[in-house]
Amino acid sequence: MLEGAKLIGAGAATIASAGAAIGIGNVLSSSIHSVARNPSLAKQSFGYAILGFALTEAIASFAPMMAFLISSVFRSKNQRKKVEVS
Amino acid sequence: MPNNSHAFLGRTKPTISDKSFLIFRARSGTTRKNLIFMKEYIFFIKHTPVMRVVKDYYVTIERTVTDNAIIFDYHHYHNNYYYYNLSAFAEMQTRTQAPSPLEQFSILPLIPMNIGNLYFSFTNSSLFMLLTLSLVLLLIHFVTKKGGGNLVPNAWQSLVELIYDFVLNLVNEQIGGLSGNVKQKFFPCILVTFTFLLFCNLQGMIPYSFTVTSHFLITLGLSFSIFIGITIVGFQRNGLHFLSFLLPAGVPLPLAPFLVLLELISYCFRALSLGIRLFANMMAGHSLVKILSGFAWTMLCMNDLLYFIGDLGPLFIVLALTGLELGVAILQAYVFTILICIYLNDAINLH
């Protein structure tokens, strides 16, 4: 039963990518708008866009991290006992 | 378990002390070459503590067996027979849980040194940090030999000049409000941080190597030390007026205490977020590539034409992901460095 719960938890942790997708889309949309308004600042805008993308992507990486944590850290009693046999 | 596929027999205690063996019930068709590969894997997993569990088992190679899907069953200590997929053997773990993509991040003590309970071992993490350091130093040494290189730079010199110039512009641009000499005092520390992180991240992309920054202890240690350093610089430069940073301008007085508390928490969270961002990106990226390449490898080894053709999907995704990982490695080093510059700017010129 723990295995099933772990899988459900790992799947639920992936929902966080939705927020990340919206955030990255937002950042890059603003970058496109600003480049359209003032194309001479394209390089500077691109630099800010990449910075914003990286900061937002950082939060997106928390989701797989939590998923792996949930699916690998919790071990059932049987498994724990077997590993300790030596 | 089907009981008509015995390949070999018997269980005797191993006579040679240091080698540990694993018992296998192999299906008919495995070649001797695959089993030799298995012995090397036994040597590899000798250093992990799980070998104590399996020290009572041994390998006998009797006949050829075929490889099929992994069924890993560990119920009876003295009566265990393992089916195994020999071609995916390098990924297999002898523990009872399924192989997890997090095993590439395990820290192995290469030279164990323990003073009482303190753990001073030379681990593979230390080895790869030393390797990174030596790579950077070698690069810079060979470029600046004989007093500083050519006037028209060759490729290596261009690379070093690129990194130097990049961080120089970063520092000059972000830390405003000071004279040039004062600003450049922060430059060496930031250059070293950027170069170290860049080379560490890039080195983790080499197959079978170890990503140093994929452990949060390392990145949090770095980010906490830099955070404490920035706070000290802020206090040094502004005295106790540095605490006015926590109260933004134009705030009505009743709201002030809560806002100060919130700003304090947000300020202390910067240290955490800086380290965790780098760690999460590195770990998630590497785990993802490991999982997908596990799919690709498994599909490659199923003896079926349809799977072989369908294997192109995971292979291309692994290719694209590796490219993304390379970009993320460079980007995360850049983001770490530019955030340090921004926090330094905040501490020196209290907004």
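Is Lys6(A) buried or exposed at 9% relative accessibility? Lys6(A) counts as buried, because buried means a relative accessible area under 20%. The legends below concern a predicted model.

Figure 1. When neighbours within four places in sequence are left aside, Lys6(A) is in contact with Ile70(A), Ser71(A) and Phe74(A). The relative accessibility of Lys6(A) is 9%.

**Figure 2. Overview of chain A and its annotated domain.** Chain A contains four helices and zero strands, and its elements run α-α-α-α from the N terminus on. Among its 86 residues, 26% count as buried. Of the contacts in chain A with a separation of 6 or more, 77% come from residues 24 or more positions apart. An unreviewed UniProt entry lists residues 8-70 of chain A as "domain: V-ATPase proteolipid subunit C-like". This span is 89% helix and 0% strand, and its end C-alpha atoms lie 10 Å apart.

**Figure 3. Contact of helix H3 of chain A with helix H9 of chain B.** On the side of H3(A), the contact is made by Gly47(A), Ile50(A), Leu51(A), Phe53(A), Ala54(A) and Leu55(A). H9(B) contributes Leu331(B), Gln332(B), Tyr334(B), Val335(B), Ile338(B) and Leu339(B). The residues of this contact divide into 10 nonpolar, two polar and no charged.

**Figure 4. Overview of chain B.** Chain B has nine helices and four strands. Along the sequence, the elements of chain B follow the pattern α-β-β-β-β-α-α-α-α-α-α-α-α. Chain B has 351 residues, of which 40% count as buried. Residues 24 or more positions apart supply 67% of the contacts in chain B with a separation of 6 or more.

**Figure 5. The aromatic pair Tyr164(B) and Phe187(B).** A pair of aromatic rings is described by the distance of the centres and the angle of the planes. Over all chains, the count comes to 10 aromatic pairs. For Tyr164(B) and Phe187(B), the ring centres lie 5.0 Å apart and the planes stand at 75°, so the pair is edge-to-face. Tyr164(B) belongs to helix H3 (residues 155-174) of chain B and Phe187(B) to helix H5 (residues 187-203) of chain B, so the pair ties together parts that are 23 residues apart in sequence. With a relative accessible area of 43%, Tyr164(B) is partly exposed, whereas Phe187(B), at 6%, is buried.

**Figure 6. The aromatic pair Phe245(B) and Tyr267(B) and its cluster.** The ring centres of Phe245(B) and Tyr267(B) are 5.4 Å apart and the planes lie at 70°, so the pair is edge-to-face. Phe245(B) is in the loop between helix H6 (216-238) and helix H7 (256-301) of chain B, while Tyr267(B) is in helix H7 of chain B. The two residues are 22 residues apart, and the pair links distant parts of the chain. Both Phe245(B) and Tyr267(B) are buried. Together with Phe227(B), Phe235(B) and Phe242(B), these two residues, Phe245(B) and Tyr267(B), form one aromatic cluster.

Definitions and conventions. Residues are numbered from 1 along each chain as its sequence is written. Chains are lettered from A and ligands numbered from 1 in the order in which they are written. This is a predicted model: local features need pLDDT of at least 70, side-chain atom pairs count only at pLDDT 80 or more; totals for chains, interfaces and linings use all residues. Side-chain values use heavy atoms; hydrogens and water are left out. Buried means under 20% relative accessible area, exposed over 50%, partly exposed in between (1.4 Å probe, protein chains only). Contact means heavy atoms within 4.5 Å. Rings of Phe, Tyr and Trp (its six-membered ring) pair if their centres lie within 6.5 Å; planes under 30 degrees apart count as stacked, over 60 as edge-to-face and the rest as tilted. UniProt positions are given in the numbering used here, feature names are shortened, and annotations may be inferred rather than shown by experiment. Axes are lines fitted to C-alpha atoms, for helices over the stretch in contact, and angles run from 0 to 180 degrees between N-to-C directions. Ala, Val, Leu, Ile, Met, Phe, Trp, Tyr, Cys and Pro count as nonpolar, Asp, Glu, Lys and Arg as charged, and the others, Gly among them, as polar.
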